[in-house]
Structure formats: structure tokens, C-alpha cells
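Me: I'm trying to find my way around this protein and would like a close look at one part. Could you begin with that part and then walk me onward from there?

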Amino acid sequence: MKYYSTNGKAPIADLKKAVVKGLAEDKGLYMPEEIYKLPQQFYDDFQNMKFQDIAYNVANNFFGDDVDGDALQDIVYDTLSFDCPIVKVEENIYALELFHGPTLAFKDVGARFMARLLRYFTSQASTTSQSSDIVNVLVATSGDTGSAVANGFLGVEGIHVYVLYPKGKVSPIQECQFTTLGQNITAIEVDGVFDDCQALVKSAFMDEELNQHMKLTSANSINVARFLPQAFYYFNAVARIKALLPAADPQIVMCVPSGNFGNICSALFGHEMGLPVKRFIAANNANDIFYKYLQTGKYEPRPSVQTLANAMDVGDPSNFARILNLYSKNGKRTAQETHQAITSLISGATYSDEQIKQTMRQCYKQTGYILDPHGACGYQALKDSLKPGETGIFCETAHPAKFKEKVDDILSIDIEIPDRLRAFMEGEKKSVEMSKDFADFKAFLMKQ
Ligand SMILES: *Cc1c(COP(=O)(O)O)cnc(C)c1O
């Protein structure tokens, strides 16, 4: 498969380059030249298949040209060592629980898959593992991305991960998920804010001397190997609904709490592959840039505002460029035609912190289901728009205990911390202190 850039000014890349580079030379996002439909036979039968096999079929459809079949199967099976079940919350509404992985959030799927695919490509390049062959992943985090990437890459040979995070600005539960791991994971505690961490990473990618000294790559959600595998759990969810409701057409509405729009983008790619979903909803918190685009046809990024659902506090969603490119058919449609194509399939919703709290309370009182603040946006968007005959599925993107203080406070409960999370909290914290000055960070990396 060949990959082109959404900015149209970079050379065509193969999968290996798209995965290793992440971003194209013209700063655009890589898109596959074709998205193949899965055969009807697959859709006739997928409710009888297990999650890993469904995922392998999807992965093979995307990556099969570029990755050997047995290796791809190993990568998929190894990635999906946990389930992403659907749970009935009330009549016609199901939660797609994406928090059963190592860090209890959906980013585990993409991070684990990307680590294994990157390993596949880098181990092809050389059989010896000298330090110069090691690939170094730099990731800036405000909390959730760092933990998923660090745990996804933990123990993967030939790859070292540096997680940069703002000192004192991530929650203790988040911090322990990447500072206690050791092995090939180094946590760097930056004396600054998230934007300083991101600036350090960007400067590192642009520094020629540093790039000659060591191989650097990024692991954020613009990487095709990180966002695409998220399609796996949408196929599995539809298969499970078909098994549950075999008689009628379930008219599935898939609702995705969205920030950088990587997750919903993978679902839309699934739709292009023929996944039978009637329509999609992108649920936002107060950061409503996409919602506004749907209403007006104008995309106007703004600085993000802080909310209860902080993993969705994004003012300029990076995967918007991909959605636009997909429905403009790579620029062949006008802006108006593209907007119409998008609004005929996707609707939006936006909720204030006050509404999020009310939703969490109402859902808990009426159904007993504990929503986290991100999932609450998804659940409420279904409540507000589901029509008779439709079946709603919303992503529960993180375990509510990840936001224990907020959830306890809002619901007046004392939510139990799962063992996996507790184990992190008992580990010993190790981090490297760093100023926000690039010269210091560079000097540190040059010594590695
Ligand atoms: C990252 C994240 C989101 C947003 O996902 P995008 O792919 O960036 O749209 C939503 N909820 C949680 C808990 C997250 O960690």
C-alpha cells in the first residue's frame, strides 16, 4: 500500500516509512491510497468469530500488502491480550468498554500495535542490536498518552521510549503509570507545562546533529500504526450486537467521545471498509471546534479550555485533516460537497462540565452504571439523539477509577481502584529532572 500526505506536497511513502516517520515531510498526515472493502462473506460470518480473528481480518485488509501474514497475526494477537466488551447500560444503549488494557484506557490498543509493528520494521533493517540501531520514541504527555505509549512499548526490544511530562501537572495515578516501569522507558520530568514538553520534542525532531546521533520517532495519534488499529474494536462491537440481536437490522449508531479525533477516524475508516454502521456521533466537551464545523462548514481552531474530560481538551484536532481528506476524496470535492458528505454521516454534540456531572449522576442513579467524564459525553449524546429502531453504542474510553477524585466527588461514592492500577501506585518512581531549555534536553540525549 502506498501512503500520500494530506498536504499533497510530500513524496508517496510505503507503510514502513509512514510508521517510522509518523508525519510526512510537508507536515501532512499519511493516508492510504485505497481503503479496500472487506468481502461480504466476512460480514456474513463475523458474529461467529472471536475478537482477535476479526481484528486480524481488518489488519490484513490494511497492512497485508506490507507485513508478512504470520507476523501480522502475532502482532494482532499480542496487541489484543484483553477484551473490549459491549455492556448493556439500558434499553438500546450499550457501552463499548475500552478500558480493560494495561493502563485502563483505549489508547492501549493503538500504542501496543504500533510498538509491535515498529519492532517488525526495525528488526528487518538489521539483525544486530547495536545502540545506533535502537529507535528512540519521544512522547510528550499531559497524562494518558504517556502511560499508554510507555506500557505499549515496555520490554519491546530495540526501542527506547522517553516520556516528557510537566512536573506537578499530571495526576499521581497517571504519573505512576510511566515513572515506575524502568527497563526501556525513561520518564523525564520537565520544569514547565505540557506545551514546553511538546516544544522540546518538536525541537529534537528538527535538530540535525541529534538526528545523526540517534534514530528518533514519535508515537502520537497521527501515526497510522497508532490510530488505525482502533478500528478493531468497532468491528468487534458490531459483530457482538449482531449476535445479540440477530433478527432485525440493528441500525447501529456509533458515538465516540472525541479530542484529537484519532479514535473516531479509525471508526470512519472501518465504515469505508463496509462496516454496517448507520451513522456516527462525535461527542465533545466544551471544546466544540468540530461541532461548530458541522453547524457552519467553517473550521476555526481555538486554544483549548480545561474541562472535566481533560483528555478531550483539544482546540485544533490533528486528525480533522484526515476526515476532511477522506470525504473530499483527496480534494476532488468542493468544500461544500465535503461538508455535506460529512454531515450526512456524522453529527456532533457538546457538553459543559455541569452537564457532564448531571449525566454521570443521572446514569448512575437510573442504571447503576458508573461513567467516566469522557464516556459521559458519549452516553448523553446518544440519549439526546437516538431515534426509535436505532441501537446506540458509545465508547467508554477510560476506566472511571482513572479519575477517582472527580468521580467520587460527583457521585458521592468511593470507587474501587482496580488491581492493575494499584500495582503501578506501589512501584518506585524514577524520573530524570529537566529544565524546559532545549540545550539541556539535547545534551542529555547526546549522552545516551
Ligand atoms: C485520548 C482520549 C480521548 C480522545 O480520543 P481522540 O482519539 O483523541 O479523539 C477520549 N477519552 C479518553 C479517556 C482519552 O484518553
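This is a predicted model: local features need pLDDT of at least 70, side-chain atom pairs count only at pLDDT 80 or more; totals for chains, interfaces and linings use all residues.

Where is the place of V137?

Reply: V137 sits in strand 6, which runs over residues 135–140. Residues are numbered from 1 along each chain as its sequence is written, and side-chain values use heavy atoms, with hydrogens and water left out. As for strands (E, at least two residues) and helices (H or I, at least four), they are DSSP runs numbered from the N terminus.

Back to V137. With a relative accessible area of 0%, V137 is buried; that word means under 20% relative accessible area, with exposed being over 50% and partly exposed in between (1.4 Å probe, protein chains only). So what surrounds V137? If you skip its neighbours within four places in sequence, V137 is in contact (heavy atoms within 4.5 Å) with L118, V149, F153, I159, H160, V161, Y162, T217, S218 and A219. For a sense of distance, N236 is 99 residues from V137 in sequence and 30 Å from it in space, C-alpha to C-alpha.

Now hop over to F261. You'll find F261 in the loop between strand 10 (252–257) and helix 12 (262–272). F261 counts as buried because its relative accessible area is 4%. Leaving out neighbours within four places in sequence, F261 is in contact with A282, N284, F290, P317, N319 and I323.

F261 also takes us to the ligand. There are 15 residues around the ligand, and K107, G259, N260, F261 and T397 come nearest, where being near takes a heavy atom within 4 Å. That shell divides into 6 nonpolar, 7 polar and 2 charged residues. Here Ala, Val, Leu, Ile, Met, Phe, Trp, Tyr, Cys and Pro count as nonpolar, Asp, Glu, Lys and Arg as charged, and the others, Gly among them, as polar.

Look at the backbone here too. An oxygen atom of the ligand lies 2.8 Å from a polar backbone atom of F261. For G262, an oxygen atom of the ligand is 3.2 Å from a polar backbone atom, and for N263 the corresponding distance is 2.9 Å. In all, the protein covers 97% of the 390 Å² of accessible area that the ligand has on its own (Shrake-Rupley method with a 1.4 Å probe; for residues, only the protein chains shown count as cover).

Rings of Phe, Tyr and Trp (its six-membered ring) pair if their centres lie within 6.5 Å; planes under 30 degrees apart count as stacked, over 60 as edge-to-face and the rest as tilted. By this rule there are 20 aromatic pairs. Take Y120 and F121: their ring centres are 5.4 Å apart and their planes are at 65 degrees, so this pair is edge-to-face. Y120 and F121 are both buried. F290 and Y293 pair up as well, but tilted, with 6.2 Å from centre to centre and 35 degrees between the planes. Both of them lie in helix 13 (residues 289–296), 3 residues apart, which is about one turn of the helix. F290 and Y293 are both buried too. Elsewhere, ring pairs join F62, F63, F113, F227, F232 and F269 into a cluster.

One last stop: H374, in helix 17 (residues 373–385). H374 is buried because its relative accessible area is 2%. Its side chain reaches the backbone nitrogen of N310 at 3.4 Å. Not counting residues up to four places away in sequence, H374 touches P257, A309, N310, A311, M312, T397 and F403.

Conventions: A polar contact is a pair of N or O atoms within 3.5 Å; within protein, one must be able to donate a hydrogen and the other to accept it, and residues adjacent in sequence count only if both atoms are side-chain atoms.
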